[in-house]
Amino acid sequence: QESRGLGDVYKRQVSTQSTGEKMRKIFLLFFFISYVLCYQYLWQDPSYPNEERLQNLMGLLSLPEKISQLNAQAPSIPRIGFPAYNYARECLRGDVSAALATLFPQAMALAATFDPLLVHAVGRATSNEVRANSNTFNEHVQQVSCFSPVINICRDPRWGRCQETYGEDPFLTSVMTKAYVSGLQYGLDEKHIEALAGCKHYDVHGGPDGYGNFSVQVRFSFNAKLDERDWRETFLPAFQSCVESGTGSIMCSYNSLTLTDNTLINNVPSCANSYLLTTTLRQELNFTGYVVSDAGAIEFIYDRHHYATSPQDAAIKAISAGCDLELVCCGFETYYPTLLDAVQSKKLNESVIDKALGRVLLSRFKLGVLDPPGFNYYDRLNFTNDVNTPAHRDLAYVAAKAAVTLLKNDNSTLPLNAKDISKLCIFGPNANSSYSLEGDYFPQAPFFVTVLDGIKTRLENTNVEILFLDGCNDTSCVSYDPNVVVLAKRCDVAVVVLGLTAYNRINCPKGISTEGEGCDRFGVALPGQQEPMLKEIFRTGVKTILITINAGMLSLNWAEDNVPAILQVTYPGEFGGKALAEALFGDFSPAGRLPTTWYFSENQIPPIEDYSMSQRTYRYFKGAVLYPFGYGLSYTKFSYVVNSHSLSIKPCESAFVAIELSNIGSYDSDEVTQLYIWSPQSTVRTPLLQLIAFSRIHIPSKSSQTMTFYISPEQMSVMRDGDFERVVEPGVRHVWIGGGQPNTTAVGQQITFVVEGQTIPLKSC
């Protein structure tokens, strides 16, 4: 933690919590004395177990009152003193729903860190601010249940919401999911959690979302078609990880799902899909929280999917399938109130209502929002003391640095040395834009540092003259200012900051979004005239450095062939410009890794509406790519030496590999070690490669670190055909250990071991 700059952040958090724990004990004693004789109902008494309080509350509610509580904006019930509550809060990477909060890097930027400890810390900080803002501004209607994280797979880089995900790999996504959920739901005791996590969108959701002939409306009725193996091996694992992490809720998605080889799922809307919500989620994955619909999804079961015959039929189908809570906004209609008549007319048993409501209300007891005021430890948090604190700002800065990825560095062009520069030109629509720092679903930060701001600050005590011209009004870049050429000729170095932007709006508003929700891309090239402007600047002969700020990949084919150095980051938050400036001038060595594959062209991948994983992502794509998943360079050099490893094992044993990782270059740096496995003798279809482990550690120059990785039977297992039960098959396993994928420019070593014996079900191990 110290070596990555996280030490002070954690020390401040721990110090604050130690003081808070003392205060909590005082609160508990005081309020026990004050309230012990004042409870009218058992559900109000925090000394009882949550389940007993829930049963007491349920017994007091009438049927209309029960149904009123199945809305995400749940009203109060004055006759029993039951408070209103809002279950809708966005917490993707900070408190998005607040008027002010810390702006952490976008989710895909957090994935690029390959650092789950850091992601957990961001989750912790986010939950602090969610609770603090809710305490301060939502005192009478608490709002600490999050619709976060987004754990869909970025299977197609044209999807505008890829930025909200943790990338294209199910393992990386699962690890980051666990880190963030556990951070959001951190609790100082077994009874209370600080905020409620809500993984979304379940399941097989990932565009089209406003693409080509598909309007933004298509997502409300789209039917995703794929086979069961692709579903279970690519899309389901992150939700399994979310459940295993103890998430309080899961949001069901707009789309329908068809498994082409499973007749139990054939064009069924997710929020009315009992196979998804009950058979798989609750019975197979053992989920115990509540399911909430995406906004308007219950209405769309009827009027978009045409899966129901009436609004009431849609509500009955949804709650019977396992969708417990209806979310309505944005002019959509609410259908769950029709459940009152459904029960009264014997179309639905009241026990279905009770089961759904019980799961929903239990979350409020776990959050402590039904305890007496001040009884809950988290009641002490407030806007003034706990939002955008020095510790949280430090964390945002550390996260931004960790996400910066070096894509190219010919002849050690970077880092720059200010002593060698007289005039520095800065160009590009993302050089001085707040949009380039924010991305979709962003918290409202009290300040931000653009790339221009960061470079100015970094060079303020030098003799470097900085000249700035954005060249384009925005990232759509319909035309560019020819004066960029005139200016470039005056400079020693030109830093050109290009890419994409996103904003909390639908339908790609002009000048604001070139990717985002409701804003898929037609292709993967730099938008508009960005590349022609870059070419003209480069042709002046000035030393040209390219920075791209984007989530969806960009086909930087010309830049890769010509520009000597390229840095990339996804919407990096309030300190993004500071982090990029410091990377440019060598204050740290970049160590981010790409969480998606960067192709040469959109023509290399299938249409966005095709959900088969064939020829998608590094796991199944067989062609050449611009930059592979897991790719990222460094200012230093590393070497890998395998000291020992397993040669043969039995099916239920773990294999191991022990390595020595050495920093043989001249810069202190982090390194991201990645392990990939492939099974050439498998009897079923398996990925070409699969990431199974990774570790980000800091290694000083001329130093070494020994590391041992263990490969579990589960990581060696495959899903057999038919029932898709995991089994460990005998045969050869190849494992690559290195700074990226095998058969790329990444350094590393390959080992081989053999699993001996017979095929054994994993559950028998």
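What follows is a walk through the pockets, sheets and a few single residues of this model.

Before setting out, please keep in mind that this is a predicted model, in which local features need pLDDT of at least 70 and side-chain atom pairs count only at pLDDT 80 or more, whereas totals for chains, interfaces and linings use all residues. Residues are numbered from 1 along each chain as its sequence is written, and side-chain values use heavy atoms, with hydrogens and water left out.

Let us begin with the open spaces. The search runs on a 1 Å grid over the protein atoms alone: a pocket is an open set of points with protein on both sides within 12 Å along at least five of seven lines, a cavity is a set of points where a 1.4 Å probe fits but cannot get out, and lining residues have an atom within 4 Å of a point. Grid points are joined across faces, edges and corners, and a volume is the space filled by probe spheres set on them. The largest pocket holds about 1,200 Å³ of space. Its lining has 37 residues, and those nearest the centre are Pro-237, Gln-240, Glu-714, Ser-717 and Arg-726. Among the elements that give two or more residues to this lining are helix 7 (228–235), helix 8 (237–244), strand 18 (669–678), strand 19 (690–699) and helix 23 (713–716); helices (H or I, at least four residues) and strands (E, at least two) are DSSP runs, numbered from the N terminus. Helix 6 provides the largest share, six residues. By type, the lining of the largest pocket splits into 18 nonpolar, nine polar and ten charged residues. Here Ala, Val, Leu, Ile, Met, Phe, Trp, Tyr, Cys and Pro count as nonpolar, Asp, Glu, Lys and Arg as charged, and the others, Gly among them, as polar.

The second largest pocket has a volume of about 770 Å³. It is lined by 34 residues, with Gly-632, Leu-633, Ser-634, Thr-636 and Lys-637 closest to its centre. Strand 9 (residues 405–409) gives the largest share of this lining, three residues. The lining of the second largest pocket divides into 15 nonpolar, 13 polar and six charged residues.

Four nonpolar, four polar and one charged residue make up the lining of the largest cavity.

Five of its five residues are buried, so strand 3 is largely enclosed by the rest of the structure; buried means under 20% relative accessible area, exposed over 50%, and partly exposed in between (1.4 Å probe, protein chains only). Strand 3 pairs with strand 5 (residues 249–252) in the parallel sense over three bridges, where pairing requires that DSSP finds at least two bridges between two strands. Cys-199 faces Ile-250 of strand 5.

Further along, three strands form an open sheet with the order 15-17-20 and antiparallel pairing. Strand 15 (638–645) and strand 20 (704–711) are at the edges with a single partner strand each, so one side of each has no neighbour in the sheet. On average, neighbouring strands of this sheet are turned by 25 degrees against each other, direction ignored; axes are lines fitted to C-alpha atoms, for helices over the stretch in contact, and angles run from 0 to 180 degrees between N-to-C directions. Strand 15 and strand 17 (residues 655–663) run antiparallel and are joined by seven bridges, with Leu-661 of strand 17 as the bridge partner of Tyr-640.

Leaving aside neighbours within four places in sequence, Ser-703 is in contact (heavy atoms within 4.5 Å) with Leu-661, Ser-662 and Asn-663. Ser-703 counts as partly exposed, at 24% relative accessibility.

Our last stop is an open sheet of five strands, in the order 16-24-23-18-19 and with mixed pairing. Strand 16 (648–649) and strand 19 are its edge strands, each pairing on one side only. Strand 18 and strand 23 (residues 731–738) run antiparallel and share five bridges, and Trp-678 stands opposite His-734 of strand 23. His-734 also meets Pro-680: setting aside neighbours within four places in sequence, Pro-680 is in contact with Val-732 and His-734. Pro-680 itself belongs to the loop between strand 18 and strand 19, and its C-alpha atom is separated by 38 Å from that of Pro-700, 20 residues apart along the chain.
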